[in-house]
Amino acid sequence: MAVDAADVQLAKRLATEAGHELLALRDKLGFADAKLLRTEGDLRGNEIIMAGLAEARPDDAILSEEGRGEHGRDGSSRLRADRVWIIDPLDGTREYGEPGREDWAVHVALWERGRLAVGVVALPARGEVLHSAEPPRPTEHTGRVRIAVSRTRPPAFLPGVVADLDAQPVSMGSAGAKIAAVVLGQMDAYIHAGGQYEWDSAAPVAVARATGLHASRIDGTDLVYNRPNPRLDDIVVCRPELAAPIVESIARHRAGSTVDRKK
């Protein structure tokens, strides 16, 4: 199925506009009241993307982290739609509210007839926008395997995987920022278990797959989007040659471990 260039341009524009607004809000509100900044960021980013989609693609369904009613996690009309935009207007809300942090993102993805057709990940604080139509080529890396993991709740089985691969775990915020780091060759893998939803990974997974990277559940099964329950708890994104060793190592070490809850 050919990708509509207009869909790609729309996704890029909306992610970029939302990112600019999020940066402006940081400048305007500052970090003294981090809760207010994070709340306003979520709301404004969502408003910009939702308004843009309503104007440009009024017949498409939407699933947004900040959506309500039919645009939220309990909406049912999207399950009958051929095209569903899956958006996270501010991925990495914690990091967004901390001065100096760049590891937060804006996600805009299009699911079309069973597949991720478009993915855009904006990294506003870094001035970067990655998209699936023209993905970057990851740089080569021959040193120790670098695994991006949650800052606050890495998987309980992670130490075993790190030992098996003689890897270096690197704590980062935002699922989008972590997958972007793999896409850009700054990391070799991203492993997460517990507490995510489709909007956390749809856009970055679309970009990762476009580069030829592996993306799956931690047991190696496929990542499926636009399901009745949008919870999508676990994920592995990595260089293709690392997929089998990582999935096999996770399987060995998951038994008896407590899968963690939140990205």
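Predicted model: local features only at pLDDT ≥ 70, side-chain atom pairs only at ≥ 80, totals over all residues.

Q: How many aromatic pairs does the structure hold?

A: There are 2 aromatic pairs. In one, the ring centres of Tyr96 and Trp104 are 4.9 Å apart with planes at 75 degrees, so that pair is edge-to-face.

Q: Is Tyr96 buried or exposed? And what about Trp104, buried or exposed?

A: Tyr96 is buried, at 0% relative accessibility. Trp104 is buried too, with a relative accessible area of 0%.

Q: And how are the rings of Tyr197 and Trp199 arranged?

A: Their planes are at 10 degrees and their centres 5.0 Å apart, so this pair is stacked. Tyr197 has a relative accessible area of 18%, and since buried means under 20%, Tyr197 counts as buried. Trp199 is buried as well, at 1%.

Q: What lies over the face of Tyr197?

A: That's Arg73, at 4.7 Å from the ring centre.

Q: OK, new topic. How many residues are in the largest nonpolar core?

A: It has 39 residues, and Ile86, Ile179, Tyr190, Val205, Tyr225 and Val237 have the most contacts inside it. Elements giving two or more residues to this core include β2 (83–91), α5 (175–183) and β10 (234–238).

Q: Which residues is Tyr190 in contact with, leaving aside its neighbours within four places in sequence?

A: Among them are Ala148, Lys178, Ile179, Gln196 and Val237.

Q: What about another core, apart from that one?

A: There's one of 26 residues, including Ala11, Ile49, Leu110 and Ala117.

Terms used:
Residues numbered from 1 in each chain as written. Heavy atoms only, no water. Phe/Tyr/Trp six-rings, centres within 6.5 Å; stacked < 30°, edge-to-face > 60°. Buried < 20%, exposed > 50% of the residue type's maximum accessible area, 1.4 Å probe, protein only. Lys NZ or Arg CZ within 6 Å of the ring centre and 35° of its normal. Core = buried A, V, L, I, M, F, W, Y, C linked by side-chain atoms within 4.5 Å. Helix = DSSP H or I, 4+ residues; strand = E, 2+ residues; numbered from the N terminus. Contact = heavy atoms within 4.5 Å.
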